[in-house]
Amino acid sequence: MFVDQVKIQVKAGKGGDGAVAFRREKYVPNGGPAGGDGGKGGSVILKVDEGLRTLMDFRYHRTFKAMPGQNGMTKGMYGRGAKDLYISVPEGTTVTDDETGEVLGDLIKDGDELVVAKGGRGGRGNIHFASAKNPAPEIAENGEPGIERTLRLELKVLADVGLVGFPSVGKSTLLSVVTSAKPKIADYHFTTLVPNLGMVRLDSGKDFVMADLPGLIEGASQGVGLGIQFLRHVERTRVILHLIDMSGTEGRDPFEDYQKINAELAEYDPDLLKRPQIIVASKMDMPEAADNLARFAEKLEADTTLPKRPEILAISSVTHQGLEELLQKTAKLLEETPAFETVAAKKMNEAKVYEFEEPEEKAFGITRDPDTTWVLSGAKLEKLFKMTNLDHEESMMRFARQLRGMGVDDALRAKGAQNGDLVRIGSFTFEFVE
């Protein structure tokens, strides 16, 4: 089964908690603080494995969690950092944050890596909080929480040449003749349900990857037929071979077919039409094909909307007519054509350009429940709370000072909070004290 779109959940490891400890050694009077730091939590990293061809494995395993760091120990000993969790993905995988729509990366080469969830840092032990005023602090931090997010993975096949055209125009037959690929071939629409790839090897020693891309009919960019799900695979191709059925057996006008497919490509991404394109007149062994090709060429010549008229090559996959010329010209075009920027790369570049315009996230928010409890929320505030060690009073006092420094006390008073009101952060409730 070919799977090219999945959603997965990833969660990085939490940092280890810092320790509260004191030196208790013989001949060392008044030993000071000796609590070590926690270890770093494991990150979740996607890595390209050239042996994979689909995202099929993610159909059965969708949740990935890295290990937490080890807690700090006595005598100033650090906790062990957790190992990063590596997830193998195929070449051509685009990674998007499902909640924000942000494109995180485009993995196209074997060995490419992308950190999608960073592990939390370890909490500091009480050895870091000693001062002249408080030489024996009972203060330590809990480890920082790891990043948790939902990712959308999209596989876009890596092919140098893409075969496009209406169903049953001979794409699969051509692929089977010029490569060792064995796609399913039959005389009905949508025989091909998944992209098929094959390697073309020429006598000159040149080679390139060719892909048969299914699902293109009028309205494909709006979800008609197999819909937009396979249009994404055209993105990575450098040369497009546009197959047109010249036999006339389907009762359609070849030139209208050509215009409709180009319109779908432009609807998905206008830059696709800037790529080198060869019009491949297929099924030229049929009786009416020559006349249909002549009429097609006349209409193409009269079309003033085209910035550059593509070359037309007549072939027959059955008799092998014109195949050698087609492959040689395709190989030459590939040599002259650089790689194009994909839609994912454009989105990443646009995000970098407009990054400075993003509004700064509020440090905290205040709401009130029907039971009159004040509720504090906000990523920064919740992170500080999770890193507070509630087992020690000095750590709690430090958290109270942090809240005051953020302006939480003043904001609660402005909202009307009174002495003795209940305030909640997550599942933790305490009293507001003037």
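**Strands, helices and salt bridges**

Q: How do β2 and β7 run, and how many bridges join them?
A: Strand β2 (residues 44–48) runs antiparallel to β7, and 4 bridges join the two; strands are DSSP runs of E with at least two residues and helices are runs of H or I with at least four, numbered from the N terminus, while two strands count as paired if DSSP finds at least two bridges between them. Within this pair, I45 stands opposite V115 in β7.

Q: What sort of model is this, and how are residues numbered?
A: This is a predicted model, in which local features need pLDDT of at least 70 and side-chain atom pairs count only at pLDDT 80 or more, although totals for chains, interfaces and linings use all residues. Residues are numbered from 1 along each chain as its sequence is written, and side-chain values use heavy atoms, with hydrogens and water left out.

Q: Back to the sheet, what is the strand order?
A: The order is β4-β2-β7, an open sheet of 3 strands with mixed pairing. Since β4 (85–89) and β7 (113–117) each have a single partner strand, they stand at the edges, so one side of each is left without a neighbour in the sheet. Neighbouring strands here are turned by 30° against each other on average, direction ignored.

Q: Which strands pair with β17, and in what sense?
A: Strand β16 (residues 374–377) runs parallel to β17 and is joined to it by 3 bridges, with V375 opposite R424. Strand β18 (residues 428–431) pairs with β17 in the antiparallel sense over 4 bridges, and there L422 stands opposite E431. The hairpin of β17 and β18 has 2 residues between the strands, and G426 takes a positive phi near 65° in it.

Q: Which residues are on the covered face of β17?
A: In β17 (residues 422–425), V423 and I425 make up the covered face, whereas L422 and R424 are on the uncovered one.

Q: Switching to helices, at what angle do α1 and α4 pack?
A: Helix α1 (residues 171–178) and helix α4 (residues 323–336) pack at about 85° with their axes 12 Å apart, where axes are lines fitted to C-alpha atoms, for helices over the stretch in contact, and angles run from 0 to 180 degrees between N-to-C directions. The two helices are therefore roughly perpendicular to each other, a label for angles of 65 to 115 degrees, with under 35 counting as roughly parallel, over 145 as roughly antiparallel and the rest as oblique.

Q: Which residues meet there?
A: L174, V177 and V178 in α1 meet L323, L326 and L327 in α4, contact meaning heavy atoms within 4.5 Å.

Q: How many salt bridges does the structure hold?
A: The structure holds 22 salt bridges, each being a side-chain nitrogen of Lys or Arg within 4 Å of a carboxyl oxygen of Asp or Glu. One of them joins K383 to E144, with the closest N and O atoms 2.5 Å apart. K383 lies in helix α6 (residues 379–386) and E144 in the loop between β7 and β8 (148–155), so the pair ties together parts that are 239 residues apart in sequence.

Q: Is E144 buried or exposed?
A: E144 counts as buried at 16% relative accessibility, whereas K383 is partly exposed at 37%; buried means under 20% relative accessible area, exposed over 50% and partly exposed in between, with a 1.4 Å probe and protein chains only.

Q: Which residues are linked in a network of salt bridges?
A: R121, R124, E141 and R398 are linked in such a network.
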